[in-house]
Amino acid sequence: MANLAKTQLDELSLNNFCEYLRIPSMHPDINYEPCIQFLRKQAKDLDLSINVYHVHPKKPIAVMSWIGTEPSLPSILLNSHMDVVPVFADDWTYPPFDAHIDDQGNIFARGSQDMKCVGIQYLEAIRRMKLEKKSCKRTIHISFMPEEEVGGVLGMKDFVHTQHYKSLNIGFALDEGVANPTESYSLFNGERTIWHVTIHCPGNPGHGSLLLDNTPGEKLRIILDKMMDFRKTQQDKLLNSKLQLGDVTSINLTKIKGGIQANVIPNKMEATFDIRLDPEVDPINFESTLKNWCKQAGNDVYFTFDEKNDFVKSTKLDDSNHFWKAFKSTCDKLDINLEIGIFPGGTDSRYIRSLGIPALGFSPMNKTKILLHDHDEHLNKEVFLNGIRIYEKIIYAVANV
């Protein structure tokens, strides 16, 4: 790579970011090949090796590597995902895959916050490190995953059990966080346990004019009351304390199914709930609670799991974690205030932590409204460029532990 002035580097970084954003890698039925072609070009430009793995057909996993001076040491993984959630284009000020930059320097595009920004920031930080002739003890792997936005089942979840992943010898990982509207930066060392639960309420069918006993609707009402009453306790807990969303359990009704027409009592009704258990909740006890609620609702009421993530321990933030010490020390030197918490959603980090590997969720976006999955998702170019400089220091520190 030729020597580049700072302004040229910044312009190159922004151009690469916008080019990546213009690839419409949006669910459903994503064609990942344009992303892979883009990443191959980036790897060549940065003189990084790149391997593309196919654990599942049409779900490529790209891993770039920068070999360290002591490659036998456990390596550093810088993880991001290529996929983005759908858009409602009519609700956007600018087309969601144009990467339009307005007069304030805001870059409008799906993926600008979640999380194509971070993938490019990793690469541009490494570009600067290489231009400065820096070297790292530990090998650095930069991974670009598919399918994270739909649970990572065909992405990181299965990848971590392959020989390809094991050969990377990961010792520590960085993954996505979220924006922070204040001067501070958000950092996450754990995640809530995701359960998608469907409650099945069978009962007596009949004519809609009758007052039958043991109907599906009566049972469903009891389940809804139990779920919503518990939800209210968590809302109150959140409102009346300094807790963050990741510190409480969320329950949301997301689907109701049943019935064939207005004057027919159905023989079954179902309700699906998105449940996120905070790390302090015992999953076994909570599952017992669900069983008790079903029993109280009536005969033959039961539940099934559409998704049931295992409980995963949070990454320790103490002196036993040398990567955390290096991360925190670097942030202190940069005068970065960290707001530390449990990630309220789910990321690929949970699959990495499930192997006992420490992982932190961090997206260097402060003074930025949280717009992931929202209309008009955007990121200011100065925040994006400053994030590169932050990552340059952090990556160098953790890769030299």
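Reader: Which residue takes a positive phi just after helix 7?

Author: The model is predicted, with local features needing pLDDT of at least 70 and side-chain atom pairs pLDDT 80 or more, while totals for chains, interfaces and linings use all residues. Residues are numbered from 1 along each chain as its sequence is written, and side-chain values use heavy atoms, leaving out hydrogens and water. Helices (H or I, at least four residues) and strands (E, at least two) are DSSP runs numbered from the N terminus, and just after helix 7 it is G298 that takes a positive phi, of about 140°.

Reader: What does a side-chain oxygen of D282 reach at the start of helix 7?

Author: That oxygen of D282 comes to within 2.9 Å of the backbone nitrogen of I284.

Reader: Which residues of helix 7 are buried, and how should I read their pattern?

Author: An α-helix has 3.6 residues a turn, so residues three or four places apart point the same way. In helix 7, the buried residues (under 20% relative accessible area, with exposed over 50% and partly exposed in between, 1.4 Å probe, protein chains only) are F286, E287, L290, W293, C294 and A297. Seen down the axis, they fall within an arc of 115° (taken from the directions from the helix axis to the C-beta atoms), so they line one face of helix 7.

Reader: Which exposed residues does the face turned away from the buried side carry?

Author: That face of helix 7 carries I284 and K295, whereas the buried residues pack against elements including helix 6 (216-239) and strand 9 (193-202), where contact means heavy atoms within 4.5 Å.

Technical notes: Polar contact = N/O pair within 3.5 Å; in protein donor to acceptor, adjacent residues only side chain to side chain.
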